[in-house]
Amino acid sequence: MIHHRHFSRLIAGSPLAILAFTPLAACSSGGGTSGSPITSAATCSSPGQPTPGPADTHCALDDGGMIVQPTNQASCTVADAGAASGDDGGAADDAATSADSGGPSGGGADSCPYGPTMYGQESDDDDCKYHVKWTSTPICEQGGGPAPAPVIFTVTVTNKVDGTPLTGAATRIEAFATTAGDWDAATYCDTKSTHIDQNNLFDPLHEGPPGTYKGPVYFDQPGQWTVRFHFFENCFDVLETSPHGHAAYHVTVP
Amino acid sequence: MTLCASTGCPDPAGNDPNVPDEARSDAVAAAPACLRALPPQSACGAVPSYANDILPVVHRSCVTGCHEPGGVAANQDLSNYTKLTQDLTPVLTQVLGCVMPPADAGPDAALGATERMELLTWLVCGSPDN
């Protein structure tokens, strides 16, 4: 059974991102090429991995159904914050919080701009609009030298409502070293790190084939990282049907 | 002073999907005040003052008209220290990436090279309430 639940995450977008955006027609345009030319991916003898943890279930309902949030391109241009002041059941947020055993439920979760960071390589986005799968080249530290080598991420995104590829999403990657006391605190948010991938710079990823996006991440230190994918960052995230969305994953870098 | 146009905040450099990728990259690269590099840790020996250096800049370039109650991005309020430091990562990512403030938000909102470097330095040096 599929439930079309209405819930609002008033700002699933990053704090500054909401300003960014241009309406529309714009929203259906394809993404670009990310960052500097990539010569070769990083290699290492013992690559890292997606951090082990429970699978994402934040869009699952107790009766076996799934929360599915339809999107509408027309919502991309709606910047009237008042329009989003209605129904905010927070169902997906609540479920997401409880589904992530790495972070206690409650606390400041409702005030976070993103859903919880997830484990593994597959999940729904924080608003249950999209299904997201990712793979990568070996997860290695970037290495030294004048031309650091990235890990190339490939993310495939489909619309949950009908399973079609999410095209033209101008997908971007945000990667940062996880900060203890941020993602695992009562005020879980995973937004306090200041050790970011400064070589990635939030450029749109290359799309191809449709619904599949590729781009680099430079891990410049070992440890726990968060890799967050942003979809339709160029859309206002005011209405619940906005295409704007995110999905973030824990990654262990050796 | 209003940061955002009444039609909503404009598209920042590097984000307008109507702009070819090549032109977008060129435009960003050509902006002299938007150097994409973080300050070194050695810069943390002299962290800018939040009250004297950062607050005025953030209010002018981020808060006024947008990231404040009643602004276009009211639900991403950056109007005081607590709210600003609640979501540091995306602020740092997008300022460093020249995504924010939006390039066509107007000259009043633009970050000067020194202001931008001070903000980045403050962000990577622990964002003290100094």
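I note the ground rules. This is a predicted model, where local features need pLDDT of at least 70, side-chain atom pairs count only at pLDDT 80 or more, and totals for chains, interfaces and linings use all residues. Residues are numbered from 1 along each chain as its sequence is written, chains are lettered from A and ligands numbered from 1 in the order written, and side-chain values use heavy atoms, without hydrogens and water. Helices (H or I, at least four residues) and strands (E, at least two) are DSSP runs, numbered from the N terminus.

Back to α5(B). Its buried residues (under 20% relative accessible area, 1.4 Å probe, protein chains only) include W122(B) and L123(B). They pack against α2, α3 and α4 of chain B, with contact meaning heavy atoms within 4.5 Å. G126(B) follows α5(B), with a positive phi near 95°.

Next, disulfides (cysteine sulfur atoms within 2.5 Å). One joins C76(A) to C235(A), sulfur to sulfur 2.0 Å. The S-S torsion is about -90°, so this disulfide is left-handed. C76(A) lies between β3 and α1 and C235(A) between β10 and β11, so parts 159 residues apart in sequence are tied together. C76(A) is buried at 0%, and C235(A) is buried at 0% too.

Another disulfide joins C44(B) and C125(B), with sulfur atoms 1.9 Å apart.

Definitions and conventions
Buried means under 20% relative accessible area, exposed over 50%, partly exposed in between (1.4 Å probe, protein chains only).
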